[in-house]
Amino acid sequence: MDIDFDAEDLAFQREVRAWFEANTPPELRRKTITGEMLQKDEIVRWQRRLDAQGWLVTGWPQEHGGPGWTPTRRYIFDLERAAASAPIGLSMGVIMLGPVLMAFGTPEQRAHYLPRIRRCEDWWCQGYSEPGAGSDLASLKTAAVTDGGDYLVNGSKMWTTYAHWATHMFCLVRTAATGKKQEGISFLLIEMDRAGIEVRPIVSIDGEHSLNQVFLTDVRVPKKNLVGREGQGWDIAKYLLTHERTSIAGVAECKALLANLHAAAAERRSGGRPLVEDAAMRLKLARAEIELMALEYTNFRVLAATAAGKAPGPESSLLKTMGTAVQQTLSELDIDIAAEKAWPWRERGEFGRGRYAHAMERYCYSRAATIYGGSDEVQKNVLAKMLLGGGAR
Amino acid sequence: MCSPRCCSAAARAKANAMNFDLSEEQKMLRDAAQKFLRAEYGFDARNRIVASETGMSREHWRRFGEFGWLGVALPEAHGGFGGGMVETIQVAEPMGAALVVEPYLASAVLGAQAVARAGSPAQQAAWLPGLASGKLVLVLAHTEDDSGHQLAHVAARAAAERGGWVLSGRKSGVLGAPWADGFVVAARTAGAVHERRGISLFMVGAKTPGVQVAGYRVYDGSRAGDLLLDAVVLGRDALLGVEGEGLGLLEQLIDIGIVAACADALGAMGALLRKTVEYTGTRKQFDVPIASFQVIQHRLVDMFAAIEASRSLLLMAALHAEHPDAAARSRAASAAKAGIGERARFVAQQAVQLHGGVGMTEELDIGHYFRRLTLFCHLFGGSDHHLQRFAALRAAA
């Protein structure tokens with residue numbers, strides 16, 4: 001039992017803190033604090049800046065350009081980055097596709113895609129959900145049928161985040177309609193500029209456009225774009241879901257948001273007194289902080305177990321349910337503090353730069369956290385199976 | 001001042017102990033509102049109103065007036081229906097269910113009741129008929145940037161000058177402000193910022209020189225705004241009620257506003273439950289409707305129970321709305337706001353959750369109900385504020 005940082009870790013912490021202090025653009029900092037959505041060019045520029053520092057693909061092994069940090073260093077890095085209100089800036093390519101290609105990709109796929117992901121030359125979106133396949137993801141119907149040396153892909157993907165910005169999509173497709181439905185699924189890489197792809201925007205209840213529906217009609221995809229074997233897609237997806245546990249919990253982001261909430265509660269007034277002096281507000285902030293502590297130390301324990309060689313398991317489901325609960329609580333506290341300052345609908349201009357101008361957007365979108373990436377109910381099914389073994393249905 | 005109808009409803013409920021039935025008139029009011037709004041105020045029509053430049057349908061507002069909904073709790077002598085809180089909630093609930101954005105709460109309840117309760121004969125004659133018919137909009141401007149929901153925190157000032165008043169200050173979060181023909185403004189004529197004494201209410205025409213409205217669209221589709229009062233010169237007759245004694249009326253208005261807002265929220269909660277039951281019964285995953293899963297069934301039941309408890313709290317508060325003991329009235333209102341507020345949040349969040357991705361879309365009405373209920377939770381102060389108010393009033397009793 002030891003969670004103290006050694007002298008070298010502390011030196012590293014100082015270095016990271018100083019760098020973010022000096023290099024985080026004020027505009028990105030403002031948007032991160034207020035919850036305003038970042039635009040694509042802002043994210044790409046920021047990622048390239050991190051990459052130039054060697055700090056973008058912090059979770060990747062050194063052979064693929066990662067910094068080779070210990071879990072402690074990565075933890076310190078995340079905390080310092082979030083504390084500086086620097087955006088997480090990570091893409092689906094870095095978090096999700098990279099690790100998949102390292103584990104399942106061909107040497108050619110790795111050599112081609114990994115450097116491009118790292119340099120932000122490609123923007124990847126994730127094509128998993130479909131109109132009829134949400135929590136029952138394995139029932140997905142988008143079909144990839146062999147046609148000479150290619151697949152012909154037909155179907156539709158739903159809730160595809162940033163598909164309108166993406167140059168590529170990694171996609172779960174059905175390559176076999178017989179047998180167990182999970183076994184007929186394959187993992188396919190599709191360039192978004194291929195003929196037959198249409199992206200339609202979905203405006204979400206925060207009033208923003210980040211989600212899309214993607215329609216695929218006779219899209220011709222070469223077989224070299226298949227990752228792993230045909231029928232291996234479900235295993236790859238499961239690998240991916242359990243892979244990035246630290247980002248699932250979102251501890252660093254939550255800590256930064258909580259610090260911002262304290263600052264906001266000290267600034268906002270009720271009955272002429274700082275809101276932070278209100279007994280109920282103090283209890284709410286305290287309760288949220290304690291939940292966050294429970295999350296942080298659960299996250300530590302899972303990281304420690306994994307570092308000791310334990311195979312990743314249902315802990316990621318626990319971290320997701322705990323993490324999203326904390327995230328949602330904090331975004332709710334933000335609108336509590338903002339009160340009528342959070343009322344105006346998507347105001348832009350000078351008001352749109354205010355501390356609370358996007359609080360309601362952030363709260364509204366936070367409700368998606370228990371829906372996407374495996375809904376709360378699905379995560380609990382996974383945990384119930386763990387508890388009950390074969391007894392859980 | 002008690003509306004006779006409401007008192008009789010309260011008395012009747014007490015006398016018969018267990019009679020919570022609506023009268024024929026009350027039922028007709030409710031049915032008519034439901035029927036009209038379902039036919040003429042559908043989701044698409046409503047969204048066109050929200051997207052329009054003014055964000056309000058004057059046409060619908062006049063129709064509401066014709067049906068008698070806007071004057072439901074106003075005296076018959078001024079074109080009203082002569083009802084009280086029980087009648088008001090018969091109209092407010094269907095309005096919540098239909099996501100109505102016009103200022104029923106802001107004008108027909110808060111603005112009109114201010115004048116009905118404290119207005120001089122001349123003020124009543126000038127405002128009430130127009131408010132009842134839907135010709136006029138009058139809203140309450142009481143909160144300020146630093147006030148939170150402490151009603152006694154009034155920094156705006158009114159000075160007696162040249163036989164009239166000069167008003168200066170800022171008001172924020174004024175419901176319906178961009179639509180208002182007039183404002184009932186809380187300003188201080190004496191005392192320090194927190195003092196209970198020294199608050200007065202003033203009738204301020206929207207076009208009076210020195211009055212500026214910074215309006216905006218609210219997340220629930222309605223409109224609100226900040227009010228800037230820069231040395232606004234008013235006549236002596238602009239004072240509403242007794243000088244320096246405005247807080248009592250303000251508290252009364254907020255209490256009845258809370259009851260009306262709770263009815264609106266209950267309408268939205270009921271609509272969400274209905275739609276969520278329907279959706280989970282048809283949406284199939286794992287080859288079966290998701291409502292066949294016990295976890296979904298229990299969640300729906302939790303929503304149902306939340307709504308039933310809310311209806312009980314609403315009824316309790318409505319029957320106390322004209323209670324002669326102000327503390328009893330305020331405790332009832334705060335109990336309803338705290339109890340229904342928590343449940344509204346739960347029902348709204350669960351409706352989105354059970355709809356999954358589609359519940360997150362602007363295209364579906366679920367998210368619009370979600371936002372309406374989210375705003376309701378903060379309106380007139382959140383649950384914590386009302387728990388504290390409830391506890392403080394109990395301790396004082």
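Domain bounds come from an automatic or database domain assignment. In this predicted model, chain B is divided on that basis into domain 1, covering 4–136, domain 2, covering 140–244, and domain 3, covering 247–396.

Taken over C-alpha atoms, the centres of domain 1 of chain B and domain 3 of chain B are separated by 20 Å. To the contact between these two domains, domain 1 of chain B brings 26 residues, and domain 3 of chain B brings 26 residues. On the side of domain 1 of chain B that touches domain 3 of chain B, at least two residues each are supplied by helix 1 (4–15), helix 5 (85–97) and helix 6 (104–118) of chain B, and the largest share, 10 residues, comes from helix 5 of chain B.

Chain B also meets chain A, with 34 residues of chain B in contact with 31 residues of chain A. The side of chain B that touches chain A draws at least two residues from each of strand 3 (164–175), strand 6 (211–217), helix 10 (326–355), helix 11 (366–378) and helix 12 (383–396) of chain B; among these elements, helix 11 of chain B gives the most, with five residues.

The table sets out the residue classes of both sides.

| Side | Nonpolar | Polar | Charged |
|---|---|---|---|
| Domain 1 of chain B, touching domain 3 of chain B | 20 nonpolar residues | four polar residues | two charged residues |
| Chain B, touching chain A | 11 nonpolar residues | 18 polar residues | five charged residues |

Terms used:
Residues are numbered from 1 along each chain as its sequence is written. Chains are lettered from A and ligands numbered from 1 in the order in which they are written. This is a predicted model: local features need pLDDT of at least 70, side-chain atom pairs count only at pLDDT 80 or more; totals for chains, interfaces and linings use all residues. Two residues are in contact if their C-beta atoms, placed from the backbone, lie within 7 Å. Helices (H or I, at least four residues) and strands (E, at least two) are DSSP runs, numbered from the N terminus. Ala, Val, Leu, Ile, Met, Phe, Trp, Tyr, Cys and Pro count as nonpolar, Asp, Glu, Lys and Arg as charged, and the others, Gly among them, as polar.
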